[in-house]
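Here's a quick tour to read with the model open in your viewer. Take it a topic at a time.

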Amino acid sequence: MSRTEPHPDKTTSTLSIVQPRATDAAAVHALIARCPPLDRNSLYCNLLQCSDFAESCALARLDGRVAGFVSGYLPPRKPNVLFIWQVAVDSAARGHGLARRLIQDILDRDACADVEWIHTTVTPGNEASRAMFTRLAEELGAGVEVRPHFDRHVHLAGQADSEELFLIGPFVARGSTGG
Ligand SMILES: CC(C)(COP(=O)(O)OP(=O)(O)OC[C@H]1O[C@@H](n2cnc3c(N)ncnc32)[C@H](O)[C@@H]1OP(=O)(O)O)[C@@H](O)C(=O)NCCC(=O)NCCS
């Protein structure tokens, strides 16, 4: 799905939300580098997201420049779950609901016809991310359960903060052929 419309606060700006292509991977890699505390991963990782996993990822362009990206995947043994991996919005574009709109764009696709849950992991200190996912759950009319998940010492070799699992759902499937 692709949407093009004026940016809500700047009538002279144009915002579009699309499924990414392989040729977007380098710009996505640069965006993620501008969005700490995100793990930068590799350009090759972003290339796979923008090709094999493109149906569960979304890209925002503001006046033609990549300003937002959500990576996600459909876990193989959980057909009703969309796992959100990373969410990145350029600092100048934050606070306008763009992160939520990117995730909603993924949910509206055929690939998500059976999706009734979003799973994601968030560090306890990432207030913006926690607020964004809590607000998303409200928009979907869904509950949020938070559980301990990846532990700093057990799973992350003491190199990164522990990650809590957010389970958002159930909600009515929104994919084009679902619900
Ligand atoms: C997290 C992030 C993706 C949110 O993007 P966004 O487009 O600004 O998100 P939204 O506009 O949908 O904001 C969601 C809510 O969080 C709130 N929020 C934004 N920044 C906040 C902050 N620093 N502290 C607390 N709440 C915050 C907003 O007010 C909004 O709530 P509201 O709509 O009720 O006012 C963006 O801040 C970002 O890219 N951060 C750096 C990378 C990161 O941490 N990604 C998430 C981990 S995967």
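**The largest pocket**

Strand 5, helix 3, strand 6, helix 4 and strand 7 each put at least two residues into the lining of the largest pocket. This is a predicted model, in which local features need pLDDT of at least 70 and side-chain atom pairs count only at pLDDT 80 or more, while totals for chains, interfaces and linings use all residues. Residues are numbered from 1 along each chain as its sequence is written, and side-chain values use heavy atoms, with hydrogens and water left out. Helices (H or I, at least four residues) and strands (E, at least two) are DSSP runs, numbered from the N terminus.

- The biggest contributor to that lining is strand 5, with six residues.
- The largest pocket holds about 1,200 Å³ of space.
- Its lining has 38 residues, and P37, L38, V87, N126 and S129 sit closest to the centre.

**Helix 4**

- S129, R130, M132, F133, L136, A137 and L140 of helix 4 are buried (under 20% relative accessible area; exposed is over 50%, partly exposed in between, with a 1.4 Å probe and protein chains only).
- On the face turned away from the buried side, helix 4 carries the exposed residues E127, A128 and E138.
- Just past helix 4, G141 has a positive phi of about 65°.

**The nonpolar cores**

- A nonpolar core is a set of buried Ala, Val, Leu, Ile, Met, Phe, Trp, Tyr and Cys residues joined through side-chain atoms within 4.5 Å.
- In the largest one, with 30 residues, L98, I103, L107, I118, F133 and L140 touch the most other members.
- Helix 3 gives the most to this core: six residues.
- Another core, of 12 residues, lies apart from it and includes L31, C35, L59 and F69.

**S71 in strand 4**

- You'll find S71 in strand 4 (residues 65-73).
- S71 counts as buried because its relative accessibility is 1%.
- Neighbours within four places in sequence aside, S71 is in contact (heavy atoms within 4.5 Å) with Q49, S56, C57, F83, I84, W85 and Q86.

Technical notes:
1 Å grid on protein atoms, 1.4 Å probe; cavity = no way out; pocket = protein on both sides within 12 Å on 5 of 7 lines; lining within 4 Å. Points joined across faces, edges and corners; volume = space filled by probe spheres on them.
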